[in-house]
Amino acid sequence: MWGKGIEDGLLDGDSFPGKDTFSPKFLKSASIIDAQNIACGSGHAVLISRQGQVFSWGDGSGGKLGHGSEADISSPKLIDALVGLNIVSIGCGDYHTCAVTATGGLYTWGDGIHNSGLLGHGTELSYWTPRKVRGQMEGISVASISCGPWHSAAITSLGQLFTFGDGTFGALGHGDRFSTSFPREVEALKGQKTVRVSCGFWHTAAIVEGNSDLPSCSDAFVGNLFTWGNGDDGKLGLGDKLCRLVPCSVATPNDRSFCQVACGHTITVALTICGQVYTMGAHGNSSRTLPINIEGKLKDCFVKEISCGSHHIAVVTSKSEVFTWGKGKYGQLGHGDNADKNYPTLVTALEGKQVKRVICGTNFTAAICTHKWICAADYSICAGCRSQFNFKRRRHNCYNCGLVFCKACTSKKSLRASLAPNLNKLHRVCEDCFSKLNKGLDSRLNSRPPKSNSLCLRVDPGKEKKKEPSKATSHSALSRLSSFDSFRRSNTQLSKKNLKLLLSSTPSSPFREGNFGCDRSSQSSPSASIFDSCEQSFKMHPTSSLVSTKLTPHFREEVNDDSKQTNEDLAEEISFLREQVELLTRKSQMLAGELEKTSDQLNEATAIVQDEYEKNSSAKEAIKRLMSQLKEMASKVPQGPSCRTFGPCADNMYHVLSTAST
């Protein structure tokens with residue numbers, strides 16, 4: 001990664017503001033993750049592993065990291081709410097994040113209080129954990145997602161295009177400038193198959209499958225480029241700088257067929273199926289209102305992927321070379337300086353690396369490289385102890401880094417190895433990878449509350465060894481149940497229910513004779529446990545131990561089923577209430593801020609009124625003094641023909657002063 005704030009910053013494993021990085025820097029905190037895809041926002045990043053798990057880190061304001069809080073995260077952290085959903089597509093805005101599952105589900109989370117329906121849930125609430133988008137999207141399979149700072153666009157498996165969020169400048173493509181808080185299909189593209197979409201700041205671009213005369217280098221696919229929204233700097237490529245409220249087709253020389261598109265702040269970039277790059281909008285110090293072919297060093301290259309940040313562009317060629325150009329103020333171009341580049345320039349720091357993908361954030365850039373190939377000579381010695389392999393010293397691969405070690409150097413096993421076929425199973429790893437994978441694991445384990453041992457079942461000593469696994473399972477389950485007060489309150493009802501079951505299922509049981517072997521006080525007490533009553537029955541009736549032991553599995557199963565359902569309901573209700581408390585707290589804080597702002601404005605207005613009142617009072621006093629002086633002067637003026645000329649003027653002045661004084 002390279003660009004704004006990467007050096008020793010949130011995106012590089014530290015919690016304080018970092019320096020700008022002018023050259024690509026290896027992200028050590030993500031080295032244990034087999035990254036397949038990544039999305040970048042203005043200050044956070046989200047990546048998908050090979051197993052479909054999602055990790056996020058960076059600026060956590062608004063809950064856009066999905067970890068249930070607004071705390072900043074300095075290194076990639078697994079989003080627990082998405083575990084097991086197999087994420088295939090992700091998108092990052094400045095204030096929110098979106099993800100698409102393999103089954104077509106759309107999840108969004110982040111800051112939703114900007115009155116624009118940014119999250120697509122129909123409300124203006126913020127969600128700090130992933131929440132599935134329902135409503136009109138219920139039953140619709142989403143294939144991919146793209147996020148801009150203020151709006152998002154989703155493509156379904158059938159090629160339908162849905163947009164939601166802020167509709168300023170017509171960026172949603174619905175023919176108006178209104179915002180929508182639910183995903184809404186773009187009617188202008190209805191009946192056509194959308195294959196790619198990209199959201200800029202205030203405009204959107206999409207590639208729609210169509211039919212036309214095919215260029216010589218193309219196959220059966222034909223992609224037409226459509227743009228809409230804010231047209232400043234000519235970034236819509238329609239020959240002018242006007243705003244468009246609905247998708248409009250972009251004409252290109254020789255009817256080029258496009259396969260990829262990316263939008264920035266003042267520019268749009270499109271890639272043809274022939275590997276050529278076209279841009280429209282701000283280009284260097286000028287603006288181009290029509291698509292132009294970018295050649296230069298890309299003239300003889302076949303570009304396979306493009307990406308666009310706020311004011312910079314990055315592309316990857318078929319030879320895994322990375323070229324960047326645009327504004328480089330924060331080092332986001334990766335050329336070792338912060339100079340701007342008007343034409344594609346090779347990122348020399350990535351030469352020799354197998355670059356798989358390149359992604360642009362607002363003012364930084366990230367690249368995913370494939371694992372380094374190991375030459376045949378490196379297979380002859382252990383990567384750890386450097387000893388020669390022989391008949392006794394066999395080769396073993398580390399399931400995290402892929403290097404070759406001897407058995408002694410890979411004696412440890414760990415979960416979550418990046419190259420393991422199953423992350424939930426232990427696999428052999430080297431010493432370095434073991435320490436990385438298990439870093440902080442001991443502290444997390446020690447922070448968990450100890451399991452309660454207050455509940456237990458009597459087991460026949462002669463069968464204790466035989467039933468050791470079931471004993472451990474039952475003990476674990478019962479200890480979890482003991483932590484809930486609701487379970488204690490429901491013990492009386494469960495006790496009566498299970499005692500009736502015991503009576504009906506066992507004819508030889510002593511319970512049928514009315515002697516339950518336990519004190520009446522324990523039966524009537526609400527706080528007495530059914531397990532305590534059963535333990536007393538064992539003490540008073542040793543002959544019934546065989547019968548009770550036979551019934552124990554059924555007894556445990558029913559108790560576990562009932563209590564498990566109760567616990568799940570309670571956990572769901574607690575989670576819902578906790579979420580509501582967080583949302584209400586956020587809302588109250590926002591209202592408190594607005595109230596404080598309004599109070600400050602009121603105080604300022606009151607001060608201005610008071611000042612004006614004082615000025616007005618002073619002016620009235622001055623006018624009164626002038627009137628008194630004028631009257632005094634008028635009384636001293638002698639009456640005669642020579643003074644009659646000034647009579648009307650004096651009368652007019654007297655009238656003006658009288659009016660002003662009132």
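## Charges and cysteines in a predicted model

At 25% relative accessibility, Arg357 counts as partly exposed, a label given to residues between buried (under 20% relative accessible area) and exposed (over 50%), using a 1.4 Å probe and protein chains only. The structure is a predicted model, in which local features need pLDDT of at least 70 and side-chain atom pairs count only at pLDDT 80 or more, while totals for chains, interfaces and linings use all residues. Residues are numbered from 1 along each chain as its sequence is written, and side-chain values use heavy atoms, with hydrogens and water left out.

### Salt bridges

Let us stay with Arg357 for a moment. Its partner in a salt bridge is Glu305, with 2.7 Å between the closest N and O atoms. A salt bridge here is a side-chain nitrogen of Lys or Arg within 4 Å of a carboxyl oxygen of Asp or Glu. This pair links distant parts of the chain, since Glu305 belongs to strand β23 (residues 303-308) and Arg357 to strand β27 (residues 355-360), 52 residues apart. Helices (H or I, at least four residues) and strands (E, at least two) are DSSP runs, numbered from the N terminus. Glu305 is buried, because its relative accessible area is 9%.

By the salt-bridge rule, the count comes to nine.

| Glu305 | Arg357 | 2.7 Å |

Glu431 is partly exposed at 39%, and Lys412 is partly exposed at 34%.

The pair Lys615 and Asp611 lies within helix α8, four residues apart, which is about one turn of the helix. Lys615 is partly exposed, with a relative accessible area of 48%, and Asp611 is partly exposed at 34%. There is also a network of salt bridges that links Glu70, Asp111 and Arg586.

### A negative patch on the surface

Helix α8 (residues 545-636) also holds Glu572. Together with Glu568, Asp569 and Glu573, Glu572 makes up a patch of negative charge on the surface. Patches of this kind are built from residues with over 30% relative accessible area and no salt bridge, like charges being joined within 9 Å. Glu572 counts as exposed because its relative accessibility is 56%.

### Cysteines without disulfides

If you are wondering about disulfides, a search of the whole structure finds zero. For Cys360, the nearest cysteine sulfur belongs to Cys308 and is 6.7 Å away. A disulfide would be a pair of cysteine sulfur atoms within 2.5 Å. Cys360 counts as buried, at 8% relative accessibility.

### One more arginine

Arg196 is part of strand β15 (residues 193-199) and is partly exposed at 38% relative accessible area. Arg196 lies 50 residues from Ser146 in sequence, and the C-alpha atoms of the two are 9.1 Å apart in space.

Conventions. Patch = residues over 30% accessible without salt bridge, like charges linked within 9 Å, V, L, I, M, F, W, Y side chains within 5 Å. Areas by Shrake-Rupley, 256 points an atom, 1.4 Å probe, with all protein chains shown as cover. Lys, Arg positive; Asp, Glu negative; His and termini not counted. Charge placed at Lys NZ, Arg CZ, Asp CG, Glu CD.
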